[in-house]
Amino acid sequence: MGGRERLLGAFSGERPALIPYLTAGYPSLEGAREVAEAYLESGADVLEVGVPFSDPLADGPTIQDTTARALKNGADMDYSLGLAGEFSGRAPVVVLVYYNLVFARGVERFVREAGEAGIAGVVIPDLPVDEAGDFARAVEDVGVAFCPLAAPTSTDRRLEEIGHLASGFVYCVSVAGVTGVREKLPSGAVELLRRVRARVSAPVALGFGIGSAEAAREAAGEADGIIIGSRLMQLVGEGGPERAGRWLREVRAALSEVAGGGH
């Protein structure tokens, strides 16, 4: 089964897919492996690996800090793809990478290496959907899903374009801003999920700002997947991979409680 098929399969359970994020190379090159292990042991369905970039426009202070530290640790594209490849046989791995890095590496080379690493999907925050067609087709050709972003500011027409391009899941951004930790689900998140779901056939995952089990539980009634990044990176910084893993188990339990309740 190819990476894309395995990714789509992760959304077929009774509860929403749990998709924790880690910054490749944080808290150290070896420590990032320990974070991925902790996530998998805690019941992650999909791993999202962020490739460090010097100007991560979509990321808030927490992930910006992890990115800066990862770059100091020497985490580059080679390392990041290698890290993703280490875990791609155990769970679908989605890579979040800024297009500048893809362009610098060479699109053909990046696409080939992503396929060879067994990566299941790619999220590119700074690639507008109306410019993404060629890239989306290129990764699909090697069995990697393209996972576009949808925001509260996306028009209905734009959402239809996003749905047309999505070969993996649609990454719904809960706020029209940067990532960060929020205890409650942002007010427009549910409305966005419903708007996207009405216009796309791909699974719909919610990210940006889910910082508590309560927020995850609230999102679970509408979303096919829950993406958590800043809160987990914060916990890794405070107490290491084990601390993040413990909290992730709590979120997984909360999602299991609401399984079938409108999902």
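Me: What links Asp78, Arg105, Arg109 and Glu113?
Reply: A network of salt bridges links these four residues. A salt bridge is a side-chain nitrogen of Lys or Arg within 4 Å of a carboxyl oxygen of Asp or Glu. By this rule the count comes to 18.

Me: What kind of model is this, and which rules apply?
Reply: It is a predicted model, where local features need pLDDT of at least 70, side-chain atom pairs count only at pLDDT 80 or more, and totals for chains, interfaces and linings use all residues. Residues are numbered from 1 along each chain as its sequence is written, and side-chain values use heavy atoms, with hydrogens and water left out.

Me: What is the mean pLDDT of the chain?
Reply: The mean is 91, and 92% of the residues reach 70 or more. pLDDT is the predictor's confidence in each residue, from 0 to 100. Over residues 177-182, pLDDT stays under 50. Where pLDDT is low, the predicted coordinates should not be read in detail.

Me: Why is the pair Asp45 and Arg15 called a salt bridge?
Reply: Their side chains meet at 2.8 Å, N to O. The limit is 4 Å, so the pair qualifies.

Me: What does the pair tie together?
Reply: Asp45 lies in the loop between helix H2 (29-41) and strand S2 (47-50). Arg15 lies in the loop between helix H1 (3-9) and strand S1 (17-23). The pair therefore ties together parts that are 30 residues apart in sequence. Helices (H or I, at least four residues) and strands (E, at least two) are DSSP runs, numbered from the N terminus.

Me: Why is Arg15 called buried?
Reply: Its relative accessible area is 12%. Buried means under 20%, exposed over 50%, and partly exposed in between (1.4 Å probe, protein chains only). So Arg15 counts as buried.

Me: Where do Arg158 and Glu161 lie?
Reply: Both lie in helix H8, 3 residues apart, about one turn of the helix. An α-helix has 3.6 residues a turn, so residues three or four places apart point the same way. The side chains of Arg158 and Glu161 meet in a salt bridge at 3.5 Å, N to O.

Me: How do you know that Leu18 is buried?
Reply: Its relative accessible area is 0%, so Leu18 is buried. Leu18 lies in strand S1. Beyond four places in sequence, its contacts (heavy atoms within 4.5 Å) include Ile226, Ile228, Leu248 and Val251.

Me: What makes a set of residues a nonpolar core?
Reply: The members are buried Ala, Val, Leu, Ile, Met, Phe, Trp, Tyr and Cys residues joined through side-chain atoms within 4.5 Å. The largest one has 79 residues, and Tyr39, Phe110 and Phe135 touch the most other members. Helix H11 (residues 230-257) gives the most to this core, with 10 residues. Another core, of 21 residues, lies apart from it; Ala17 and Cys147 are among its members.
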